[in-house]
Amino acid sequence: METLCNNFPSKLTFGHDAKRTLLVGAFALGTYQGVKLTGNFLAGVWKHLLRPGYDLKKRYASDSSECWAVVTGAAMGIGKEYAKQLGRRGFNILAIDKDESEMEKTQAELSRLGIKVKTIIWDFGKISNAESYEAFEKELKNATNGLDIGILVNNAAEFQQESLDMISVDRLFRASSVNSLTPALLARYFIPKMLARYNNGLKSAIINVGTNAAEIQNPRYKFAVYGASKAYLHILSSGMREVWGDKIDIMTAIPRQTKTPMCPVDYCFTATPRAHVNAILSQLGHESETYGTMTHDIEYYMRFGMFGGFVIDNMIQWLNEGESKKLISAYERRMS
Ligand SMILES: NC(=O)c1ccc[n+]([C@@H]2O[C@H](COP(=O)([O-])OP(=O)(O)OC[C@H]3O[C@@H](n4cnc5c(N)ncnc54)[C@H](OP(=O)(O)O)[C@@H]3O)[C@@H](O)[C@H]2O)c1
């Protein structure tokens, strides 16, 4: 320490004690960052590479009856992948989506897994008041009558690429109907049934699919309406966990950029739906909030968890800007 103090830049007019304090401070900060990095590294290795996932059928289904999973937005993208991977794990699937023609293809694919598949074609954007919800609940009740539902995946969402001053009133209403209200209404419908399962000795799970655009530290580019409507679900999900987390596994799954019809561009660190969903299902029952893949945990850590991460964050935002513009153009073509 003495030598370091003596070699401290002589042009700076610090007293000996001040130099000593600065060096001790720098050493403490370095040690803290080193310990934090090692801790995060070891936790990441455990979470992604070593810890075995639960056998979901054993965790959520009874030996005596068939178990079902309800997946919204199941015709395409991440929702379709949830339906396929849960189907492969032995769950029958109730798939809900508004896209009838894609749903037919998905239903055929799922049936080939040797499971039972039911579908509801419904546009959640039309759920705007109690009356329109009751019409949907009637359909849901008919479809689930007598079924043992062990897992709900609240996945359907609509992306809004318009800024607040340009978005139509209809699209603004749809953002809250599809991204906020629908997952709340579905959770409200299934929670009492899941608590009844718990009283019969069975666990259930709800996966609420959020987005990194709903996180405060994450840049939203021009997608604030989408991010804000999904932030509702993040808060709701953690609130649900506070109340029922000991009886139902309630997970907030937070996809970062994942290549699907919703996000057809190539951002840095883009994952496939298969890798994302596989990671989520292997963490179900262990994690309450997760980005899924190891790559996305590393990306998050480099941008927002690490000392000086803002440099990497700015670089990634700069690299991604062109892709965000492509995404907006793709949506403008889709909407016209
Ligand atoms: N992909 C990503 O990079 C990314 C990143 C962060 C979060 N997420 C989240 O991940 C989830 C799945 O996204 P994704 O990329 O798989 O989206 P996607 O490719 O657009 O698939 C979503 C599915 O949900 C359906 N859907 C949309 N609006 C609906 C409505 N009003 N009623 C019923 N069904 C509806 C879609 O049908 P149509 O085809 O008819 O629209 C589609 O089949 C969403 O919650 C999204 O917010 C995705």
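Two residues are in contact if their C-beta atoms, placed from the backbone, lie within 7 Å. Keep that idea in mind as we walk through this structure, which is a predicted model.

**The chain as a whole**

The chain holds 11 helices and 7 strands. Its C-alpha trace spans about 80 × 50 × 35 Å along the principal axes. Of the 336 residues in the chain, 34% count as buried. Among contacts in the chain with a separation of 6 or more, 67% are between residues 24 or more positions apart.

**Helices side by side**

Two packed helices are described by the angle between their axes and the distance between the axes.

| Helix pair | Angle | Distance between axes |
|---|---|---|
| H4 (residues 77–88) and H5 (residues 100–111) | about 15° | 10 Å |
| H7 (169–199) and H8 (residues 224–244) | about 15° | 8 Å |
| H10 (residues 294–305) and H11 (residues 309–335) | about 115° | 6 Å |

Let's begin with H4 and H5, which pack at an angle of about 15°. That angle makes H4 roughly parallel to H5, and H4 passes H5 in a right-handed crossing. On the H4 side, the contact is made by Lys 80, Ala 83, Lys 84 and Gly 87, while H5 brings Thr 106, Glu 109 and Leu 110. Sorted by class, the residues of this contact are 2 nonpolar, 2 polar and 3 charged.

Now move along to H7 and H8, whose axes are 8 Å apart. With an angle of about 15° between them, H7 and H8 are therefore roughly parallel to each other. Their crossing is right-handed. Residues of H7 in this contact include Leu 172, Ala 175, Asn 179, Pro 183 and Ile 191, and those of H8 include Val 225, Tyr 226, Leu 233, Leu 236 and Trp 244. The class count for the contact of H7 with H8 is 13 nonpolar, 4 polar and 1 charged.

The pair H10 and H11 packs at about 115°. Here is where the opening definition comes in: Met 302, Arg 303, Phe 304 and Gly 305 in H10 meet Gly 309, Ile 312, Asp 313 and Ile 316 in H11. That contact of H10 with H11 has 4 nonpolar, 2 polar and 2 charged residues.

**Around the ligand**

How many residues surround the ligand? There are 30, and the closest are Gly 73, Gly 77, Ala 157, Thr 260 and Met 262. Helix H4 gives the largest share of this shell, with 3 residues. By class, the shell is made up of 13 nonpolar, 10 polar and 7 charged residues.

**Helix H9 and its cover**

Helix H9 covers residues 273–283, and its buried residues are Pro 273, His 276, Val 277, Ala 279, Ile 280, Leu 281 and Gln 283. What lies over those buried residues includes helices H3 (56–60) and H4, along with strands S5 (204–209), S6 (248–253) and S7 (289–290). Just after H9, Gly 285 takes a positive phi of about 95°.

**A look at Ser 163**

Where is Ser 163? You will find Ser 163 in the loop between strand S4 (148–154) and helix H7. Ser 163 has 13 other C-beta atoms within 10 Å, so Ser 163 is partly exposed. In sequence, Ser 163 and Lys 222 are 59 residues apart, yet in space they are 5.8 Å apart, C-alpha to C-alpha.

How values were computed: Residues are numbered from 1 along each chain as its sequence is written. This is a predicted model: local features need pLDDT of at least 70, side-chain atom pairs count only at pLDDT 80 or more; totals for chains, interfaces and linings use all residues. A residue is near a molecule or strand if its C-beta atom, placed from the backbone, lies within 6 Å of it. Helices (H or I, at least four residues) and strands (E, at least two) are DSSP runs, numbered from the N terminus. Ala, Val, Leu, Ile, Met, Phe, Trp, Tyr, Cys and Pro count as nonpolar, Asp, Glu, Lys and Arg as charged, and the others, Gly among them, as polar. Axes are lines fitted to C-alpha atoms, for helices over the stretch in contact, and angles run from 0 to 180 degrees between N-to-C directions. Angles under 35 degrees count as roughly parallel, over 145 as roughly antiparallel, 65 to 115 as roughly perpendicular and the rest as oblique. A crossing is left-handed if the near helix is turned anticlockwise from the far one by less than a right angle, and right-handed if clockwise. A residue is buried if 20 or more other C-beta atoms lie within 10 Å of its own, exposed if 12 or fewer, and partly exposed in between; C-beta atoms are placed from the backbone.
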